Structures are given as C-alpha cells and as structure tokens.
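Please keep the sequence and the coordinates at hand while reading.

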Amino acid sequence: MFIKGADVSSLREVESQGGAFYIKGKRKDALEILQEYGINSVRLRLWVEPYDHNGEAYGGGTCDLDTVIELAKRAKNLGMSFLLDYHYSDFWADPSKQFKPKSWQNLDYESLVNKVYEYTKETLKELKNNDVSPEFVQVGNEITAGMLWDDGKLTWKDDQVFGFDNLAILLKAGIKAVREICPLCKIMLHLERSADNALYRQWFDNITARGVDFDIIGVSYYPYWHGSLDDMQKNLNDIIDRYGKEIMVAETSYAWTVKGFKQQHDNYVGFAVNNSFKDKAPYPFSKRGQAKFLKDIFNRIRNLKDNKGLGVYYWEPCWIPTSEGTWASQSAREYIKETHKGHGNEWANQTLFDYKGRVNYALKEYKKF
C-alpha cells in the first residue's frame, strides 16, 4: 500500500491550546478529517525529555512518550499505520544540531551506546504494551551529519568524511533494539539534501560498508532548500540501483500563503518560508500551488524505479496558529543554542488547514491519488 502520510506530532499541543479543525463548516477531529481525505499513516517524533529543569515544556509539540502513545492510539483506532521518529534528543535534531539529551550528556561513549540500545528497547516495549507498536521506525532524524554529537558526529575535510565508525555503532545499537522488540517493523535511515547524489553515495557507501542493517532510505524534500523534483527523482532512482532499498519521503511541505496571522508573542520568529523564497519557489504560494506540488511529488515517488517508492509524509499539516503556540520556548532555545531566534509558530503557512483550521484545497489531492 502506498503511504499517504502526515506528521502530526504537534497536534495534541495545538488542541490543548484551543486549536480546532473544520470540514464543510463543522468542527471535527483533525485525524478523522485527514483519514476522510485518504491519509493512511502518521509520523510521530519522540523526544527524550522535552522539558526544562523546572518542568516547563519546550513547545514544538512537547513530543514525549505519553504524547506519542496518545496520538498513536488515535491514529491506530482509525486504521492508520505509524512511523516512529527517534530524535535521540530532548528537542529538535536536524543536520545543524544533534544535541544529546540532558541526562545523557556526561556518559562516556560505551555508556552512550548502551543507553541508545536500552532507551530504544524500553520505549518500544512501552508502545507495544499500549498496543501501538509502529510499522516503521526511524533511528535518528535527518542524520546527514550524524547524531548524538560529538560522539556520533560526522565531519568533512577535503571531500573526505570522518566519524562513520562511531555513528555506525550507535545506529546498530538502536537498530538491535528495534529488531528485538518489533521484528516485523521496517527501519529507516533518514537524511535531507535529497537531490545531492554525491552526498547520498558517500553516506550510504560508508554505512553499508560497516554492515548497518536497515530497510528504507528516508529523505526530506523541501523544494526551497533541496533542488528540483527532477534532481531529487534522479538521485532516488540512482540510490535504488545502488543499494536496492525502498524509499520514503519522511518530510515534505509547501506554503499556501506568505500572509501573516496575529501572533501574540513579542519576539515572533516569523515564517520559516516567506516572501524572500519566492524566487526559489517552483509553484505559487497559494492553495492551488500547494495542491499542485503535492500532486507532483506523489507522482514522482509513486513512479520511482522497481516500485521502490513507499510513500510520502507531509510535515505538520495540523500546526495551525494558537495564541501560545511556539516552535521553541526560551529554555528550549537555550538548550539547542538558538537564543538569537524568536519564538512563535513559524510553520502555520505550510499546513493543510488555513489559519482558522478549515480544510485547504490541497487535501483533495490525497483523495484523488
């Protein structure tokens, strides 16, 4: 079955802050709306302890294990599958930052490897005990430059890359736990820069040479940052030939507007994608433009070589604006060393609902496909 997915990690927090969703003028549960339009899987990120030393939530969905369990139960009750996204951090992990959880920061390397194994094992056991075992698991999030820095960090010098030995051992620890607790689960390794063929060859050549066991190559594809659909498809077809793995777009999205909304915070960060991106945008920043993008990326992944395209997850379609919504609290920004940024919701113009929670035109593409 082709995955028509959505990352809804922020949904519980949005709802707790008063966010509501509507279809044809009637209020309805967001996941029920998504399912009605053909979405058949959810992706949920997991942070270790997304709270500061005073117990205050970091924001960005506050994606602790309880949140993941609640959202997974709701999705499973609607017949959806579930992709679990381990960040191995207390907050956002991506190619520019892979901070260790606060409680892991003083571990030596051997203890860190053991912690990855034990943490992965225990969290999967808890999910299993709650009847919400995932069908897919990401061991790390956008780990292009490694994870759990500095122990698992990759560094480049003169076109050579260093650090794969340590990274491979950390990945194997997480993967071992997944294979033990969820033996039927498919394991994904997830990078961004999805049109960069040289990077993907270098990265996966090194990982496969070290015997890392995985099933799916996951990619992020954002057309403002990652090149054209043609280049992305060309790269994915090449890595299918080279490694024989299935492909999943773990993250994608497109802005349906660049017009703002009323944000209560004094130090509002602004949109991640705004007017300055218009020259790089292959479609209009409109509801029709968003729909056209979705249609095109579905078709590209569905038509990858050897039927290896598993599907597409839209990133955070339900992260509509609320008065208290934020991508990161002050203490969270201190933890990830991004205090120069403001707070607030920087993603509300890339959702699949408008600012008032009403269905966007693009959701119809899921129904058509």
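**Helices, barrel and selected residues**

Helix α3, which covers residues 65-77, contains 13 residues and spans 18 Å between its first and last C-alpha, close to the 18 Å expected at 1.5 Å a residue. The model described here is predicted. Buried positions in α3 are T67, V68, I69, L71, A72, R74 and A75. Their cover includes α1 (11-16), α2 (30-36), β4 (41-46), β5 (81-86) and α4 (109-129). Just after the helix, G79 adopts a positive phi of about 80°.

The strands β4 and β5 belong to a closed barrel of 8 strands, which runs β1-β4-β5-β6-β11-β12-β13-β14 with parallel pairing. Neighbouring strands of this sheet are turned against each other by 25° on average, direction ignored. In general, strands of a sheet pair through backbone hydrogen bonds, either parallel or antiparallel.

Another helix, α5, lies across β6 (136-139) and β11 (186-191), running at about 160° to β6. How are two packed helices described? For α5 (residues 164-181) and α6 (residues 197-209), the angle is about 65° and the axes are 10 Å apart. The crossing of α5 past α6 is right-handed. In this contact, F164, L167 and L171 of α5 meet W203, N206 and I207 of α6. By class, 5 residues of the contact are nonpolar and 1 is polar, with no charged residues.

Helix α6 also takes part in the packing of α7, as the buried residues of α7 pack against α6, β12 (216-221), β13 (246-252) and α8 (287-302). These buried residues are L229, M232, Q233, N235, L236, N237, D238, I239, I240 and Y243. Helix α7 itself (residues 229-243) has 15 residues and extends 21 Å from first to last C-alpha, close to the 21 Å expected at 1.5 Å a residue. G244 follows α7 and has a positive phi, near 70°.

Strand β13 contains E251. Is E251 buried or exposed? E251 counts as buried because its relative accessibility is 7%, with the limit for burial being under 20%. Not counting residues up to four places away in sequence, E251 touches R43, N141, E142, H190, V219, S220, Y221, Y222, Y313 and W315. The C-alpha atoms of E251 and G218 are separated by 8.6 Å, although the two residues are 33 residues apart along the chain.

Between β4 and α3, the loop includes T62, a residue other than glycine with a positive phi near 45°. T62 counts as buried because its relative accessibility is 7%. K24, in the loop between β2 (22-23) and β3 (26-27), has a positive phi of about 50° and is not a glycine. K24 counts as exposed because its relative accessibility is 79%. Finally, the peptide bond from W149 to D150 is cis, with omega near 5°, and D150 is placed in the loop between β7 (146-147) and β8 (152-153).

Definitions and conventions
Residues are numbered from 1 along each chain as its sequence is written. This is a predicted model: local features need pLDDT of at least 70, side-chain atom pairs count only at pLDDT 80 or more; totals for chains, interfaces and linings use all residues. Side-chain values use heavy atoms; hydrogens and water are left out. Axes are lines fitted to C-alpha atoms, for helices over the stretch in contact, and angles run from 0 to 180 degrees between N-to-C directions. Helices (H or I, at least four residues) and strands (E, at least two) are DSSP runs, numbered from the N terminus. A crossing is left-handed if the near helix is turned anticlockwise from the far one by less than a right angle, and right-handed if clockwise. Contact means heavy atoms within 4.5 Å. Ala, Val, Leu, Ile, Met, Phe, Trp, Tyr, Cys and Pro count as nonpolar, Asp, Glu, Lys and Arg as charged, and the others, Gly among them, as polar. The expected span of a helix is 1.5 Å times one less than its number of residues. Buried means under 20% relative accessible area, exposed over 50%, partly exposed in between (1.4 Å probe, protein chains only). Two strands pair if DSSP finds at least two bridges between them.
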